[in-house]
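Subject: Structure for you to look at, with notes

Dear colleague,

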Amino acid sequence: MSLDKKQLKEIQNKMLERLDDLIKEKNLTRAEVERLADLGNGTLRNWGVSFPAIDKFYRVSRILGVSMNYLLYGEITEIDIRTFQIKEINTIIEKLDDETLNNVYNSVKIYAERSKGKVKWMKY
């Protein structure tokens, strides 16, 4: 399937929207992501003009914690679902009082020990 210039531009624009949304969610800037991904200054801005090299695209997707498919097309993969679930769980946990957090921790620990393989836990 071949895409025309208009379709390619639409994919690029939506990719940049997702990129900026993820950067904002992580409380980062484009410049910080560029540094973390070992990219040159303005590299992410240029992605609005031309598609990125696959290695650079991969590094940015890893830093933002999403698949390349999600970043490029908005298609959610299993790894994205897992990442989003962990993020949501962390958000919930951060709001718990100490007693509830301890109860949740113990419940998760019991569940993990009963599931396949033993999970090593830090002692507090």
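Arg18 lies in helix α1 (helices being DSSP runs of H or I with at least four residues, and strands runs of E with at least two, numbered from the N terminus). Arg18 is buried (buried means under 20% relative accessible area, exposed over 50% and partly exposed in between, with a 1.4 Å probe and protein chains only), yet Arg18 has no salt bridge (a side-chain nitrogen of Lys or Arg within 4 Å of a carboxyl oxygen of Asp or Glu). The nearest side chain of opposite charge, that of Glu17, is 6.7 Å away, where Lys and Arg count as positive and Asp and Glu as negative, while His and the chain ends are not counted. Apart from neighbours within four places in sequence, Arg18 is in contact with Tyr70, Leu71, Leu72, Tyr73 and Gly74, contact meaning heavy atoms within 4.5 Å.

Please bear in mind that this is a predicted model, in which local features need pLDDT of at least 70 and side-chain atom pairs count only at pLDDT 80 or more, whereas totals for chains, interfaces and linings use all residues. Residues are numbered from 1 along each chain as its sequence is written, and side-chain values use heavy atoms, with hydrogens and water left out.

The structure holds four salt bridges. In one of them the side chains of Asp20 and Arg30 meet at 2.8 Å, N to O, and this pair links helix α1 to helix α2 (residues 30–36) across ten residues of sequence. Asp20 is partly exposed at 32% relative accessibility, as is Arg30 at 26%. Another joins Glu25 and Lys87 at 2.3 Å, N to O; because Glu25 lies in helix α1 and Lys87 in helix α6, this pair ties together parts that are 62 residues apart in sequence. A further bridge, between Asp55 and Arg59, has an N to O distance of 3.4 Å, and both residues lie in helix α4, four residues apart, about one turn of the helix.

The largest nonpolar core has 18 residues, and those with the most contacts inside it are Leu19, Leu44, Trp47, Val60, Leu64 and Leu71 (such a core is a set of buried Ala, Val, Leu, Ile, Met, Phe, Trp, Tyr and Cys residues joined through side-chain atoms within 4.5 Å). Helices α1 (5–25), α4 (54–64) and α5 (68–73) each supply at least two residues of this core, and α1 gives the most, with six.

A search of the whole structure finds two aromatic pairs (rings of Phe, Tyr and Trp, the last by its six-membered ring, with centres within 6.5 Å; planes under 30 degrees apart count as stacked, over 60 as edge-to-face and the rest as tilted). Trp47 and Phe57 form a tilted pair, 5.7 Å centre to centre with 50° between the planes, and this pair links the loop between α3 (43–46) and α4, where Trp47 sits, to Phe57 in helix α4, ten residues apart. Trp47 is buried at 3% relative accessibility, and Phe57 is buried at 5%. The rings of Tyr70 and Phe84 have their centres 5.6 Å apart and their planes at 75°, so this pair is edge-to-face; Tyr70 is in helix α5 and Phe84 in helix α6 (residues 78–94), 14 residues apart.

With best wishes
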